[in-house]
Amino acid sequence: MNSLLRFSNIHLQYQNGTLLTEVIKGIDFTIHQNEKLAIVGKSGSGKTSLLMLMAGLEKPTSGIITYNDQDITTYTEDQLTEYRKKNIGIVFQSFYLIPNYTALENVALSLEINFQKDALSKAKEILVDLGLEDRLNHFPSQLSGGEQQRVAIARAMIKKPELILADEPTGNLDDENTEVITELIFNIATKYQKSLCLVTHDTDLAKRCDRIMTIENGTVV
Ligand SMILES: Nc1ncnc2c1ncn2[C@@H]1O[C@H](COP(=O)(O)OP(=O)(O)OP(=O)(O)O)[C@@H](O)[C@H]1O
Ligand SMILES: [Mg+2]
């Protein structure tokens, strides 16, 4: 299997005033093309930090992260933005929807052929699949937490990104929506041969992945 994303001896420290916190303490791993990796571990163990590093939203204090053999830690902010646009679909614990765009517009935006008919009809299709047909023209503030979560997932998946990063994607959802979202993420990954890195507390969900990596206090166990 070809390696897609590789972490080599990654450390991450946060500096708050004089307090230095080492959050990631020398982690090595690889995500292969078309592989589904689950990351599990206690609260505060460093899971979200790992996804931030993968997305280039955080720079490691030391170590190398390669994507298709390119070292992304040397990228400028512009190159990282381009990297994310081109390759990565992110579903985070917070949704970061754009408040003055409707649900439909938030999803269509990520296709970057903004609001052309095609983008809107594709966005509509995926939102209808997620049970939001009556919420297309609602703004994020007019949606429940679970509805916002579904819009955020639609936005991440509509591009069929090469690498899907999902941080507790079903954390805010009821059983029925958990099922719908899980199927959507796994179906896209499987059908289009994409890679998935899924942070979850749900053991059943983790077991559906090819591999489970456990993080404890900033290291892999
Ligand atoms: N900006 C920051 N400055 C200092 N410490 C931080 C910062 N962001 C995160 N941390 C610390 O880093 C550690 C790892 O955080 P992270 O969010 O990666 O954990 P997590 O495994 O995702 O936890 P959870 O399951 O609760 O989401 C935590 O102890 C957290 O307090
Ligand atoms: Mg987290």
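This is a predicted model: local features need pLDDT of at least 70, side-chain atom pairs count only at pLDDT 80 or more; totals for chains, interfaces and linings use all residues.
Q: Which strands make up the open sheet of six strands, and in what order?
A: Strands of a sheet pair through backbone hydrogen bonds, either parallel or antiparallel. Here the order is E6-E7-E8-E3-E9-E10, and the pairing is mixed. Helices (H or I, at least four residues) and strands (E, at least two) are DSSP runs, numbered from the N terminus. Two strands pair if DSSP finds at least two bridges between them. Strand E6 (88–91) and strand E10 (219–220) are the edge strands, each pairing on one side only. E6 and E7 are parallel, with four bridges. Val 91 has Ala 166 of E7 as its bridge partner.

Q: Is E3 enclosed or open, and why?
A: Five of the five residues of E3 are buried, so the strand is largely enclosed by the rest of the structure. A residue is buried if 20 or more other C-beta atoms lie within 10 Å of its own, exposed if 12 or fewer, and partly exposed in between; C-beta atoms are placed from the backbone.

Q: Which way do the residues of E3 point?
A: In a regular strand the side chains alternate between the two faces of the sheet. In E3, Lys 36, Ala 38 and Val 40 point one way. Leu 37 and Ile 39 point the other way, and all are buried.

Q: Which partner residues can be traced from E3?
A: E3 runs parallel to E8, joined by four bridges. Ala 38 is the bridge partner of Leu 198 in E8. E3 also pairs with strand E9 (residues 211–216), in the parallel sense over four bridges. There, Ile 39 stands opposite Met 213.

Q: How is the open sheet of four strands arranged?
A: Its order is E2-E1-E4-E5, with antiparallel pairing. E2 and strand E5 (70–71) stand at the edges with a single partner strand each, so one side of each has no neighbour in the sheet. E1 and E2 are joined by 11 bridges and run antiparallel. Arg 6 has Thr 30 of E2 as its bridge partner.

Q: How do the buried residues of H6 lie around its axis?
A: An α-helix has 3.6 residues a turn, so residues three or four places apart point the same way. In H6, the buried residues are Ile 181, Thr 182, Ile 185, Ile 188 and Ala 189. Seen down the axis, they fall within an arc of 140°, so they line one face of the helix. That arc is taken from the directions from the helix axis to the C-beta atoms.

Q: What do the buried residues of H6 pack against?
A: They pack against strand E3 (36–40), helix H5 (145–157), strand E7 (163–167), strand E8 (195–199) and helix H7 (203–207). Contact requires C-beta atoms, placed from the backbone, within 7 Å. The face turned away from the buried side carries exposed residues, among them Asp 175, Glu 179 and Lys 191.

Q: Where does a positive phi turn up in residues that are not glycine?
A: Most residues other than glycine have a negative phi, and most peptide bonds are trans. Asp 69 has a phi near 70°. Asp 69 sits in the loop between strand E4 (62–67) and E5, and is exposed, with 9 other C-beta atoms within 10 Å. Gln 193 has a positive phi of about 55°. Gln 193 lies in the loop between H6 and E8. Gln 193 is exposed too, with 11 other C-beta atoms within 10 Å.

Q: Which elements supply the shell around ligand 1?
A: A residue is near a molecule if its C-beta atom, placed from the backbone, lies within 6 Å of it. Strand E1 (3–16), strand E2 (19–32) and helix H1 (47–54) each supply at least two residues. H1 gives the most, with three. The surrounding residues include Tyr 14, Asn 16, Lys 47 and Thr 48.

Definitions and conventions. Residues are numbered from 1 along each chain as its sequence is written. Chains are lettered from A and ligands numbered from 1 in the order in which they are written. Two residues are in contact if their C-beta atoms, placed from the backbone, lie within 7 Å.
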